[in-house]
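This briefing covers salt bridges, an aromatic pair and surface patches in one protein. Please look at the structure below before reading on.

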Amino acid sequence: MDHVRQKMQAEAQLKEILERAKVYALEYTSNIQERKVFPSDQAIRDLDHFDEDLPHSSGDATEVLEQLRTYGSPATIAGTGGRYFGFLTGGALP
């Protein structure tokens with residue numbers, strides 16, 4: 001029975017993490033019009049937060065999402081298109 005309980009807790013945690021990711025994604029896209037096209041110098045400097053050794057084991061997914069939202073998101077290019085690769089915009093065949 002303990003195995004079933006652990007599985008249910010893991011599924012609930014996954015659902016919570018995915019829901020949080022969805023909220024952050026909708027927040028990003030709904031505020032895209034107010035964002036600058038290119039990140040500020042401070043946002044670029046804040047990426048130093050990620051300058052660390054890779055962990056030996058997995059971390060808390062909620063904490064990772066929050067770090068990406070806090071430090072990563074402000075340093076992104078404002079755009080919601082799926083064909084932008086950071087240095088060029090992908091084309092499409094007619």
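Arg 20 and Glu 16 are joined by a salt bridge between their side chains, with an N to O distance of 3.9 Å. Both residues belong to helix α1, where they sit 4 residues apart, about one turn of the helix. The model is a predicted one. The protein has 3 helices and 0 strands, and from the N terminus on its elements run α-α-α. Of its 94 residues, 12% count as buried.

**Salt bridges**

- Side chains of opposite charge can pair when their charged atoms come close.
- The whole structure holds 5 salt bridges.
- Arg 20 is partly exposed because its relative accessible area is 29%, and Glu 16 is partly exposed at 47%.
- Another salt bridge joins Asp 2 to Arg 5, whose closest N and O atoms are 3.9 Å apart.
- Asp 2 and Arg 5 lie 3 residues apart in helix α1 (residues 2-30), about one turn of the helix.
- Asp 2 has 52% relative accessibility, so Asp 2 counts as exposed.
- Arg 69 and Glu 27 also form a salt bridge, at 3.0 Å from N to O.
- This pair links distant parts of the chain, since Arg 69 is in helix α3 and Glu 27 in helix α1, 42 residues apart.
- Arg 69 is partly exposed at 33% relative accessible area, and Glu 27 is partly exposed at 31% relative accessibility.

**Aromatic pair**

- The count of aromatic pairs is 1.
- The ring centres of Phe 50 and Tyr 71 are 6.3 Å apart and the ring planes stand at 90 degrees, so the pair is edge-to-face.
- Phe 50 is in the loop between α2 and α3 and Tyr 71 is in helix α3, so the pair ties together parts 21 residues apart in sequence.
- Phe 50 is partly exposed, with 33% relative accessible area, and Tyr 71 is partly exposed at 26% relative accessibility.

**Surface patches**

- A nonpolar patch on the surface consists of Ile 44, Leu 47, Phe 50, Val 64 and Leu 68, which together have about 370 Å² of accessible area.
- Leu 47 is in the loop between α2 and α3 and counts as partly exposed at 31% relative accessibility.
- Asp 48, Asp 51, Glu 52 and Asp 53 form a negative surface patch.
- Asp 53 lies in the loop between α2 (41-46) and α3 (61-72).
- With a relative accessibility of 71%, Asp 53 counts as exposed.

Key: Residues numbered from 1 in each chain as written. Predicted model: local features only at pLDDT ≥ 70, side-chain atom pairs only at ≥ 80, totals over all residues. Heavy atoms only, no water. Patch = residues over 30% accessible without salt bridge, like charges linked within 9 Å, V, L, I, M, F, W, Y side chains within 5 Å. Areas by Shrake-Rupley, 256 points an atom, 1.4 Å probe, with all protein chains shown as cover. Salt bridge = Lys/Arg side-chain N within 4 Å of Asp/Glu carboxyl O. Lys, Arg positive; Asp, Glu negative; His and termini not counted. Charge placed at Lys NZ, Arg CZ, Asp CG, Glu CD. Helix = DSSP H or I, 4+ residues; strand = E, 2+ residues; numbered from the N terminus. Buried < 20%, exposed > 50% of the residue type's maximum accessible area, 1.4 Å probe, protein only. Phe/Tyr/Trp six-rings, centres within 6.5 Å; stacked < 30°, edge-to-face > 60°.
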